Amino acid sequence: MCESMTEVSLRVAGLFAGIGGLELGLARAGHSTSLLCEIWEPAKAVLRNRIPDVPIESDVKELAGLPSDVDLITAGFPCQDLSQAGLTTGIDGARSGLVGEIFRLLDTTRAPWVVLENVSFMLRLDRGRAMRVIIEAIEARGYRWAYRVVNTLGFLPQRRERVLFVATKTDVDPASVLMADEAEPQVLDTSLSQRAHGFYWTEGVRGLGWAVDAVPTLKNGSTIGIASPPAILLPNGLVVTPDIRDAERLQGFEAGWTTSAEEVAKPSSRWALIGNAVSVPVAEWLGKRLMAPGDYQKQRDSELSQDVRWPRAARFDGNRRYAVAINDFPVWKDRSPLVEFLDHPGKPLSIRATRGFLSRTERAKLRFPDGFQQRLREHLSAMEAETAFALAAE
């Protein structure tokens with residue numbers, strides 16, 4: 001097993017691998033994957049097509065052990081029971097409760113590194129019980145740890161907050177992996193005539209998901225499996241939902257990454273695959289820091305109170321837990337405006353969807369950007385006129 005972090009490539013076992021976002025990013029940073037484990041057939045179809053040389057196990061509960069050469073166990077364990085978009089059942093939910101299988105495998109494999117990924121809502125749900133369960137189990141096995149909320153918006157035009165949790169038994173401080181980098185984000189003002197703006201057309205009463213020159217978090221769809229990509233209000237007034245190929249790119253995959261899922265499932269399953277995935281450039285940044293840790297500044301530390309919810313970043317040095325003062329942006333990469341990033345024509349938001357959204361906004365108590373609702377009304381009028389013209393021409 002590797003005990004030094006001087007440019008060392010780690011051998012990875014990817015549990016709950018999905019479509020391989022975490023493993024792909026780590027591979028781009030120089031690490032290699034020995035084993036994948038994924039139970040959902042559409043995701044397995046993508047893995048077989050995209051990562052064909054790595055064996056795939058189906059059910060983590062039936063996995064007796066991991067290859068003896070594994071240095072790093074990764075797991076973007078199922079978040080449906082933890083996310084605000086899911087059922088908020090908590091760590092004991094049928095899906096998220098599978099995190100216990102990671103600890104079972106750690107007891108047999110004793111890999112020196114662990115990386116977990118999940119929704120930031122887990123820090124608040126049930127007063128943070130999910131995080132507490134994970135931390136206590138990790139500490140009981142002799143690991144030091146650090147976690148941090150990282151926002152994909154630092155890498156790509158998608159606002160996506162996820163908890164990255166790194167634990168190790170090596171002599172490396174996990175905070176030197178997760179918390180050596182901090183960048184200042186570039187906050188843009190709303191400008192409907194100059195920039196594209198993403199929002200959730202499925203909401204409008206209690207929230208909007210407003211994102212300037214970006215899209216809000218790509219989700220895995222509704223609780224009944226219906227794809228619900230966000231909408232984008234373009235500077236020309238058109239309101240569209242992004243093409244699935246651009247959605248893949250907004251997660252850092254190449255366009256068409258999930259096409260093979262259509263061999264075993266409906267095309268809409270691709271939205272769930274993308275919504276569940278780990279953003280590839282986030283995983284690549286993490287992989288580079290696993291390869292070459294930076295310097296952690298201990299003046300960021302403060303007392304971690306057990307009486308309040310978990311902070312957005314924290315660490316354990318083997319003796320004491322600390323809250324860490326650091327933002328969600330390890331990097332801020334230059335990028336083209338969202339309207340230029342999109343390579344494929346989006347699908348105009350339908351008359352029914354636009355009407356429903358406008359109806360909700362009109363009875364909501366939210367404050368909307370000036371001119372936003374009017375732009376939606378104009379989009380609706382244009383769609384209705386286009387439909388009327390098409391019917392008249394028949």
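Arg110 is exposed, at a relative accessible area of 54%. Exposed here means over 50% relative accessible area, buried means under 20%, and partly exposed lies in between, with a 1.4 Å probe and protein chains only. Arg110 sits in the loop between α3 and β5. Helices are DSSP runs of H or I with at least four residues, strands are E runs of at least two, and both are numbered from the N terminus. Arg110 is not a glycine, yet its phi is positive, about 55 degrees.

This is a predicted model, in which local features need pLDDT of at least 70, side-chain atom pairs count only at pLDDT 80 or more, and totals for chains, interfaces and linings use all residues. Residues are numbered from 1 along each chain as its sequence is written, and side-chain values use heavy atoms, with hydrogens and water left out.

A second residue other than glycine with positive phi is Asp213, near 55 degrees. Asp213 lies in the loop between β9 (211-212) and β10 (231-233). Asp213 is buried, with a relative accessible area of 14%.

Contact means heavy atoms within 4.5 Å.

Now take the helix pairs. Two packed helices are described by the angle between their axes and the distance between the axes. Axes are lines fitted to C-alpha atoms, for helices over the stretch in contact, and angles run from 0 to 180 degrees between N-to-C directions. α3 and α4 pack at about 0 degrees, with axes 11 Å apart. α3 is therefore roughly parallel to α4. Angles under 35 degrees count as roughly parallel, over 145 as roughly antiparallel, 65 to 115 as roughly perpendicular, and the rest as oblique. Val99, Phe103 and Leu106 of α3 meet Ile134, Ala137 and Ile138 of α4. This contact has 6 nonpolar residues, no polar and no charged. Ala, Val, Leu, Ile, Met, Phe, Trp, Tyr, Cys and Pro count as nonpolar, Asp, Glu, Lys and Arg as charged, and the others, Gly among them, as polar.

Past α4 comes Tyr143. It lies in the loop between α4 and β6 (144-151). At 2% relative accessibility, Tyr143 is buried. Leaving aside neighbours within four places in sequence, Tyr143 is in contact with residues including Leu106, Arg110, Trp113, Val114, Ile138, Ala167 and Phe316. The C-alpha atoms of Tyr143 and Val114 are 9.0 Å apart, although 29 residues separate them along the chain.

Next, the cores. In soluble globular proteins, nonpolar side chains tend to be buried together. A nonpolar core is a set of buried Ala, Val, Leu, Ile, Met, Phe, Trp, Tyr and Cys residues joined through side-chain atoms within 4.5 Å. The largest nonpolar core has 53 residues, and Ile19, Met179, Leu286 and Leu290 touch the most other members. Helix α8 (residues 280-291) gives the most to this core, with 6 residues. Apart from it lies another core, of 41 residues, among them Met122, Tyr143, Tyr147 and Ala167. Beyond four places in sequence, Met179 touches residues including Ala146, Tyr147, Arg148, Tyr296, Val324 and Ile326.

Helix α8 also packs on helix α1 (residues 21-28). Their axes come within 7 Å and cross at roughly 45 degrees. The two helices are therefore oblique to each other. Gly21, Leu22, Leu24, Gly25, Leu26 and Arg28 in α1 meet Val280, Ala283, Glu284, Gly287 and Leu290 in α8. The contact of α1 with α8 divides into 6 nonpolar, 3 polar and 2 charged residues.

Helix α7 (residues 269-276) is mostly covered, with 7 of its 8 residues buried. The buried residues of α7 pack against α2 (41-50), β7 (161-168) and α6 (244-250).

The last pair is helix α10 (residues 351-363) and helix α11 (residues 372-393). They pack at about 150 degrees, with axes 10 Å apart. α10 and α11 are therefore roughly antiparallel. Their crossing is left-handed. The residues of this contact divide into 7 nonpolar, 5 polar and 4 charged.

Conventions:
Left-handed = near helix turned anticlockwise from the far one by under 90°.
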